[in-house]
Amino acid sequence: MRFGWVWCVRRAVRHNVNAPQRLLSSQANTQHARLSRTRNIGIIAHIDAGKTTTTERMLYYSGHTRRIGDVDEGSTVTDFLPAERARGITIQSAAITFHWPPVNSQSLNEEQLPQSFDITPRSSFSHNINLIDTPGHADFTFEVLRSLRVLDGAVCILDGVAGVEAQTEKVWMQAGHYSIPRIIFVNKLDRVGAAFSRTVKEIGVRLHGWPAVCQIPWWKSANGVFVGIGDVINLRGMLWQGPVDGSQILAFSLQELEVNHNNFATEIKKARIALIELLSEHDDGMVEAFLEHDENHLAIPGTQILESLRRVVLQPNQSVIPVFGGASFRNIGVQPLLDAVVDLLPSPLERPDPEVSLEDRSGTLLQLLNGSPKMALAAPDDIKSNRIIPEIRSLLACALAFKVVSDAKRGILVYVRCYHGSIAKGSTLFNTNLRTAERAPRLLKMYANDAVEVESIGEGQIGVILGLKYARTGDTLIVYKNMNYKSQPPGGLNALQLRPIHVPPPVFFTSIEPQSLAEQKNVQESLSILLREDPSLHLSVDEESGQTHLAGMGDLHLEIARDRLLGDFKAKARIGKIEIGYRETLTTSTSLYTYVLDKSIAGKPSKAGITVAVAPAKEAFDIDSMRNQKVDQFSTMFKTDDGNKIIISHSNLSKHDSSTHKNFIPSHLSLPNILSSIHAGASAALARGPLNGFPVARTEVHITLDTAAHLFPETTTTAISMAARSAVASSLRTACDSSPNTLMEPVMRVTIFVNESSLGSVIQDLSSTRGGQVISLDGSDSDATIPDDDLPRINPAQIYAPPDPFQCSMGGVESGLSDSQRQIVARVPLKEMVGYLNRLRALTGGRGTFVMSVDGFEQMGSQRQKEVLDAMKEFV
Ligand SMILES: Nc1nc2c(ncn2[C@@H]2O[C@H](COP(=O)(O)OP(=O)(O)OP(=O)(O)O)[C@@H](O)[C@H]2O)c(=O)[nH]1
C-alpha cells in the first residue's frame, strides 16, 4: 500500500463523490473561477519555528524545485539574501507563486469548478498559491505587518517543543487585528521533548481560540519516534515511509488501523468526536450534518467537515483554530498541510473589502468605487451634482507595492498586490505617495527561482513589476483613464492610499560616511535602494558635520542594513557604532520670529520670508488623536511620527478655492508647492535638535505665511524651504537657550517568559537594576491591538488533545503555559534592554525568552539625562 500523496487525496475524493460534477462554464465566470482558485497566504511564526524549512518542502512537492533546500546548508529558495543565508534567518519576506496540487494532477480546466465542495474537496483541483514567507525576529515586525496587509490567510507554524512562543503570540494577534483567517501547523514533532498535547492547550490559552485538532501525531509506541499522522477529518492513518523526500506515504483506513494499531485507531475516533462536537458549537451546518448522519460522529464525510471548518475559519473574529502537525525537516506532514491551505483558507473573493484612505477620510475600496458619501472624491457640494461618478469610473487599477527588492540579476523588483482592475504590461502607473507617474515596462510572476513574464497582473493577484524607478515599499499605485505623465489623476484620486500602516518611530541609529568623495555617489545610490526596500529605515543628513544618519527599529535591523550596504551593494563607507535614538523636546515656547532669506542660490537671486513660533505640544503623544484633529480651509497641518505638528496659517488663501490665489501668489508658484516646501524645511530643522543633535519630538511649529511680506518675484520653492529651515532651527535654539531642552528616551513594552524558579530574580533585575516597571504577571500581552478583556478566555481542561508519549508534569497546563512557565509584561527603558538576552539566559539557565516593542518615548529625569549625556561624551 505505498502511494504518493496525490493518490491518497484522489481516493478520499472518489470515496465521497456521489453526484455528477456540473461545471460552471460561462465566460463571465472565468475570472471568478480563477480568483476562487487563488490563495494569497503567509507563513507566520516565532523565529526558528521552521517557516523556511516548511516553505522549501512546499515548493518541492508542488514541483517548482527539484531538490529540497536546506536552511542549515544555506541553500533555500526563500532566504535569498546573503545576509539571510549566512544567519539562517528570514529577513525579507519573499513572495513566491506555486500550484497545489501540482498542475499536472488536476482533472479540470482553469475555468472549471465543481458545483459543490460538499462532495469534492477544493484540494482536488490545482490552485494558484502566492506564498509570502515572513521574518520571525522582533526587529522585523514591521516587515511582518507589511506582509500581513496583503494576505488573505495565514499558516502559523509552531515549534512542537517550544510550544506557543512570545513572538508567535504577537504576530498572531497582529494577524487577528487584520482579520486574517489562520490555521496552525505544529512542527518539529520529531524532536526529543516534542509535546503536541501541551502545545494544543497552549494554543487555546495563549492564542485565545478553540483548537480544532484535525490531525494527531503517530508515535511509534515503544520509543516515541514520530512516524506519521492520524487524519481526523478523513479517518485514516498516514505513515511516511520509503524515499527520504517524503513523497511516498502509506495510507491506512480506520478498519486497517483497528487490526494492527488499535490504540491509535481509538485515539483518532476520540479526536473525531471532539472535532464534531467543537464544530457543532460554532457552526449550524455541522449540527445539520450531525443530525443527518444519525448523530454518528464517525459517519460524517470528510468533505462536510472540511466545509464546516472552512466556515468557522472564515467567521469574523475567528474563534476556532484548525491544528495540523508534522516535522518538515523529516518531510512529514507538509502535503496535507498544503491541502488544508487550499481547503480551509479563503480566496481573495472571500475577504473583506480593503481599507483605503483619501486625505483625512477612510473607508473601503468598494465604498469609494460605489461613490459612497463617506469616501466621496469631491467636496460635499459636488456630491449632490454627481460629479464624483465619472472620476471614480476613470480608476482602472489600484495596487499596493508591498515589497521592493534589489535583485542582483534582475534589478529592482516591486512586488504588488492588485486590488482593483488589472495592471497591463507597459501601462503608466501613478504613485499616490510620491505623486509621480512611471511606466511598468515588464511584469513577472515569481516561481521559486524562476521568473515568468506575464502580460497583466489581475485583481486579487500578486506579481512583480520590473523596471520601476521610484516606487517604494508601501506605495499605492493606480492606473486611470487618459493618463499622461504631466497630468494628475482626477478629483482626489491622487491622495488614494490602500491600507495605510503606521511606521513606528526608529529607536536606534548609526552614522554612515563615504570612504572618499569619489564613493559618495555610490553610497547615496545604495542608501536610496535600501530605503526603497525598507521604509522603516530612516535617513537624515546632519548639515553641520555632513554625516548621514541611518535609523531603524532594532540593532539587528541596522546590522542587516549595514551588511546589505557593504556586502551586497559593495558601498565603500564607514559605519559608526549602533546607538540609541533619543529625542529632544522643548520645555518653553518662543515668541514670533520673522526671517527673510535673501541670497543667491545656484547663481540666481532668491528671496523668501517666513514667521515662526515653536512650543511644546499641548497634548500627550497620541498619534491617533492628532490624526483626527481638523484645521480650517485657511490653515494646513502636517503631523510627524515624533508627535510634532507643523501648523501653517495662510489666511488669505483658501485650500478649496484656488481661483483667488493668483492675486496673492507669483504665477510660478502654487499653494500646494509652497506648503510642501515649508513642510520640508521645517521637518529638516526638527530632525536635528539644538541640545544634542537628536530629533525634536512633541513640539508644535506655528508658521504664518503672509503673502505680501513673504513672497517676492524672486521667491522659489528652494528659497521657501531654506527660509523655513533656518527660521525653525533658530526658534528651536532660542527655546533651548532660555530653558534647556530635555531628552526623551524610548521605553519598551517587554514580554518575558521564564520558569517559576527564576521568576523572582528576573523581576528583581527588571525593577531594580534596569529601572523597569512590571505591568502584569501571567496576563495576556495585549500589546494594545486587542483589549485584554475582549479576548475569549479558554479553559484548557475543556480542550481535547491526544496524550503525548512522554507526558511531562501537568503543573503548567491549567494555566495554559508549559511546565510552570510564567509570563511577565514590563515597561523598561530601551537603554537597559541592550544585551538583555544574555542576561536573561544567565538568570534563567538559558530557558527565558522575550519580545519587545516600542511603547513610547518618555522624558528623562535630570540625573538620568546627565548619565546618558556623559556616557555619550566618552565615545566622542
Ligand atoms: N528536528 C527538526 N528540526 C527542524 C524542523 N524544521 C526546521 N528545523 C530546524 O530548525 C531550524 C530553523 O528552521 P527555519 O526553517 O530556518 O526556521 P524559520 O522559522 O524560517 O526561521 P527564521 O527565518 O529565522 O524566522 C533549522 O536548523 C532547521 O533545520 C523539524 O521539523 N524538525
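This is a predicted model: local features need pLDDT of at least 70, side-chain atom pairs count only at pLDDT 80 or more; totals for chains, interfaces and linings use all residues.
Guide: Two strands pair if DSSP finds at least two bridges between them.

Visitor: How many bridges join strand 34 to strand 35?

Guide: Strand 34 and strand 35 (residues 645-649) are joined by five bridges, and the two run antiparallel. Within this pair, Ser635 stands opposite Ser649 of strand 35.

Visitor: In what order do the strands of the sheet lie?

Guide: The sheet is open and consists of five strands, in the order 32-33-36-35-34, with mixed pairing. Strand 32 (593-601) and strand 34 (635-639) are the edge strands, each pairing on one side only. On average, neighbouring strands of this sheet are turned by 25° against each other, direction ignored.

Visitor: Which strands does helix 21 lie across?

Guide: Helix 21 (residues 717-738) lies across strand 32, strand 33 (604-616) and strand 36 (699-704). Its direction is at about 35° to strand 33.

Visitor: What describes two packed helices?

Guide: The description rests on the angle between their axes and the distance between the axes. Here, helix 9 (residues 262-282) packs with helix 10 (residues 284-292) at an angle of about 130°, and their axes are 6 Å apart. Helix 9 is therefore oblique to helix 10.

Visitor: Which residues make the contact between helix 9 and helix 10?

Guide: Helix 9 contributes Ile276, Leu279 and Ser280, while helix 10 contributes Met286, Val287 and Phe290. By class, this contact has five nonpolar residues, one polar residue and no charged residues.

Definitions and conventions. Residues are numbered from 1 along each chain as its sequence is written. Axes are lines fitted to C-alpha atoms, for helices over the stretch in contact, and angles run from 0 to 180 degrees between N-to-C directions. Helices (H or I, at least four residues) and strands (E, at least two) are DSSP runs, numbered from the N terminus. Angles under 35 degrees count as roughly parallel, over 145 as roughly antiparallel, 65 to 115 as roughly perpendicular and the rest as oblique. Two residues are in contact if their C-beta atoms, placed from the backbone, lie within 7 Å. Ala, Val, Leu, Ile, Met, Phe, Trp, Tyr, Cys and Pro count as nonpolar, Asp, Glu, Lys and Arg as charged, and the others, Gly among them, as polar.
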